[in-house]
Amino acid sequence: MLFQNIFITDILNFITTHSYDGVDIDWEFPSSFFDRVNLTSFVKELRFKMDEINTDYRLTMAISSNNWYGQWFDFTTLSKYCDWFGVMTYDFHGSWTNHAGHNSPISAPSNCDDGSIVSTLDYLLNVRNIAPTQLLLGIPFY
């Protein structure tokens, strides 16, 4: 907890010194129950400390587009502390897949189940029960 408290203090000092309106957390990616617990604890404490300074501060988080990493996010709890989630709706294909495909398809072709924006939204809204008002699509332009 000591390192977590030091990190949170450093974040708060940085955003107040530079007049930022909050912080975006991009933990790529929790991959165990231990990570899940630590991420949730960190976000909860960060939100609490941010609100002590300024309740208008925004706390946002980048999140995965599917259950591979999504299973290690406690979205029920994180939704209480994050203003919104930036969904990484890209990198559905790459050197890790056995075929070529679109990097960020809106919908997947019938012969490909590697993911798409449509399947991501279905997962986050209907499986993980995140409110639509808390989702921001991250769409690549490269």
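Guide: Start with S65, in the loop between strand 2 (58–63) and helix 3 (67–70). Keep in mind that this is a predicted model.

Visitor: Why is S65 called buried?

Guide: Buried means under 20% relative accessible area. S65 has 8%, so the label buried applies.

Visitor: Which residues does S65 touch, beyond those up to four places away in sequence?

Guide: S65 touches V87, M88, F92, T120 and Y123. A contact here means heavy atoms within 4.5 Å.

Visitor: How many of the residues count as buried, as a percentage?

Guide: The figure is 39% of the 142 residues. The chain exposes about 8,600 Å², and carbon and sulfur atoms supply 57% of that area. As for contacts between residues at least 6 apart in sequence, 62% join residues at least 24 apart.

Visitor: Now the charges. What makes D74 and R36 a salt bridge?

Guide: The cut-off is a side-chain nitrogen of Lys or Arg within 4 Å of a carboxyl oxygen of Asp or Glu. The N to O distance for D74 and R36 is 3.8 Å, so the pair qualifies under that cut-off. D74 lies in the loop between helix 3 and helix 4 (75–81) and R36 in helix 2, so the bridge ties together parts 38 residues apart in sequence.

Visitor: What else does R36 contact, leaving aside neighbours within four places in sequence?

Guide: The contacts of R36 are P30, Q71, W72, F73, D74 and R128. T89 is another matter: 53 residues along the chain from R36, with 21 Å between the C-alpha atoms.

Visitor: How many salt bridges does the structure hold?

Guide: There are five. One of them joins R47 and D83, with the closest N and O atoms 3.1 Å apart. This pair links R47 in helix 2 to D83 in the loop between helix 4 and strand 3 (84–88), 36 residues apart. R47 is buried because its relative accessible area is 8%. D83 is partly exposed because its value is 25%.

Visitor: What makes R58 and D83 a salt bridge?

Guide: Their N to O distance is 3.5 Å, and the limit is 4 Å, so the pair passes. R58 sits in strand 2 and D83 in the loop between helix 4 and strand 3, 25 residues apart. R58 is partly exposed, because its relative accessibility is 38%.

Visitor: Which residues are linked in a network of salt bridges?

Guide: R47, D51, R58 and D83 are linked in that network.

Visitor: Which residues form a negative surface patch?

Guide: D24, D26, E28 and D91 form the patch. Patch members need over 30% relative accessible area and no salt bridge, and like charges are joined within 9 Å. E28 has 51%, so E28 clears the area cut-off and is also called exposed.

Visitor: Where is E28?

Guide: E28 is in the loop between strand 1 (22–25) and helix 2 (33–53). The peptide bond from E28 to F29 is cis, with omega near -20°. F29 lies in the loop between strand 1 and helix 2 as well.

Visitor: How many positive and negative side chains does the chain have?

Guide: There are 7 positive and 16 negative side chains. The centres of the two sets lie 10 Å apart.

Visitor: One last label. Why is S19 called exposed?

Guide: Exposed means over 50% relative accessible area. S19 has 66%, so S19 is exposed. S19 is in the loop between helix 1 (2–17) and strand 1. Its phi is near 55°, a positive value in a residue other than glycine.

Visitor: And how do you know that N129 is exposed?

Guide: The relative accessibility of N129 is 59%, so N129 counts as exposed. N129 lies in the loop between helix 5 (117–127) and strand 4 (135–138). N129 has a positive phi of about 55°, although N129 is not a glycine.

Methods
Residues are numbered from 1 along each chain as its sequence is written. This is a predicted model: local features need pLDDT of at least 70, side-chain atom pairs count only at pLDDT 80 or more; totals for chains, interfaces and linings use all residues. Side-chain values use heavy atoms; hydrogens and water are left out. Patches are made of residues with over 30% relative accessible area and no salt bridge: like charges are joined within 9 Å, nonpolar side chains (Val, Leu, Ile, Met, Phe, Trp, Tyr) within 5 Å. Accessible areas come from the Shrake-Rupley method with a 1.4 Å probe; for residues, only the protein chains shown count as cover. Lys and Arg count as positive and Asp and Glu as negative; His and the chain ends are not counted. The place of a charge is taken as NZ of Lys, CZ of Arg, CG of Asp or CD of Glu. Helices (H or I, at least four residues) and strands (E, at least two) are DSSP runs, numbered from the N terminus. Buried means under 20% relative accessible area, exposed over 50%, partly exposed in between (1.4 Å probe, protein chains only).
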